[in-house]
Amino acid sequence: MQRQYSGTAGRTENCQIGVFLAYASSRGHALIDRELYVPQSWTCDRERCRDAGIPDEVEFATKPRQMIAMLERALAAKVPFAWFTADEAYGQAGYLRAWCEDHDVFYVMATRCDHQLTTRADRIARADELVTEFGDRTWQRLSVGAGAHGPREYDWARRQIDGTWKTGRGHWLLARRSISDPTEIAYYICYGPATARLVDLAWTAGSRWHVEEAFQQAKGEAGLDHYQARKWRAWYAHITLSMLALAWLAATKTLAAKGDSPPAKKA
């Protein structure tokens, strides 16, 4: 617990921060891994950590480093996934992008408008400057899933950028433009198969909404945020059980939609 910036609250306040890995597919979505973010002011005070039950071997790790640890576990467990996506807090971490490329993990990660990128012509420019050069025919209107008020439609465009070019792989700057307000543009850095289509990148970027849905469902249906834990083990116990409950609900919903039922237990 510490005063720190909370993305959920949109401000700095006294809170705990968790880093989560979600899984999304056409059959459903759920949270599959988690890490408690321990601020450096805590890890520098081992007595304080021991009072909270934090093991001595736990050192300070940035949120992108914690994400790498969870991705490593997902790969080791052979979790089947095609793409990884995250917001700009992770997209700005060059070492996370480099790790993904070293492990051939395809990604679409949000970034800031002022992110300096290198084009294939060795020109360095801001992301928003490169997007202003897109012609009208570059943009394509795509729906990337159903929202609360209908299809989530945006105009999307991309261009190749420089990167660690491996055989059969590519890097792109992806842009998402609001239909109602063309000045509202989101930016993404992408790595994936050279044959990846614009719709593949757009769908991956849009899948981040499943993360928000998973959080809403975990809080509303599995009590993810219904706790007052002040100890390391208690936090992991509560969060893990809530995630397990959400995963069970997601699997049960999928089975019900298919008309199947869980196998009966043998007497």
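Is Asp104 buried, exposed or partly exposed? Asp104 is partly exposed, with a relative accessible area of 31%; buried means under 20% relative accessible area, exposed over 50%, and partly exposed in between (1.4 Å probe, protein chains only).

Some ground rules before the points. This is a predicted model, in which local features need pLDDT of at least 70 and side-chain atom pairs count only at pLDDT 80 or more, while totals for chains, interfaces and linings use all residues. Residues are numbered from 1 along each chain as its sequence is written, and side-chain values use heavy atoms, with hydrogens and water left out.

1. Let me stay with Asp104 for a moment. Its place is in the loop between α5 and β6 (107-111); helices (H or I, at least four residues) and strands (E, at least two) are DSSP runs, numbered from the N terminus. Asp104 has a positive phi, near 55 degrees, in a residue other than glycine.

2. Lys78 is not a glycine, yet its phi is positive, at about 60 degrees. Lys78 is found in the loop between α3 and β5 (84-86), and with 71% relative accessibility it counts as exposed.

3. On to helix packing. Helix α3 (residues 63-76) and helix α5 (residues 94-102) pack at an angle of about 15 degrees, and their axes are 9 Å apart. Here axes are lines fitted to C-alpha atoms, for helices over the stretch in contact, and angles run from 0 to 180 degrees between N-to-C directions. The two helices, α3 and α5, are therefore roughly parallel to each other; angles under 35 degrees count as roughly parallel, over 145 as roughly antiparallel, 65 to 115 as roughly perpendicular and the rest as oblique.

4. Which residues of α3 and α5 meet? From α3 come Pro64, Arg65, Ile68, Leu71, Glu72 and Leu75, and from α5 come Tyr95, Leu96, Trp99 and Cys100, with contact meaning heavy atoms within 4.5 Å. By class, the contact of α3 with α5 has eight nonpolar, no polar and two charged residues. For these classes, Ala, Val, Leu, Ile, Met, Phe, Trp, Tyr, Cys and Pro count as nonpolar, Asp, Glu, Lys and Arg as charged, and the others, Gly among them, as polar.

5. The other helix pair has another geometry to look at. Helix α8 (residues 208-222) packs with helix α9 (residues 232-258) at an angle of about 105 degrees, with the axes 10 Å apart. Helices α8 and α9 are therefore roughly perpendicular to each other. On the α8 side the contact is made by Ala214, Gln217, Ala218, Glu221 and Ala222, and on the α9 side by Ser242, Ala245, Leu246 and Leu249. The residues of this α8 with α9 contact divide into six nonpolar, two polar and one charged.

6. Now an aspartate in a strand: Asp155 lies in β10 (residues 150-160). With 7% relative accessibility, Asp155 counts as buried. Its side chain is joined to that of Arg141 by a polar contact of 2.9 Å; such a contact is a pair of N or O atoms within 3.5 Å, and within protein one must be able to donate a hydrogen and the other to accept it, while residues adjacent in sequence count only if both atoms are side-chain atoms. Leaving aside neighbours within four places in sequence, Asp155 is in contact with residues including Trp139, Arg141, Arg177 and Ile179.

7. Asp33, in strand β4 (residues 28-37), is buried, with a relative accessible area of 9%. The side chains of Asp33 and Arg34 make a polar contact at 3.3 Å. Not counting residues up to four places away in sequence, Asp33 touches Val19, Phe20, Leu21, Met70, Arg73 and Met243.

8. Thr119 is found in the loop between β7 (116-118) and β8 (124-126) and counts as buried at 3% relative accessibility. Leaving out residues up to four places away in sequence, Thr119 touches Leu130, Arg159, Ile161 and Asp162. Leu198 lies in helix α7 (residues 198-206) and is buried, with a relative accessible area of 9%. Beyond neighbours within four places in sequence, the contacts of Leu198 are Gln140, Leu142, Trp156, Ala157, Arg158 and Leu174.
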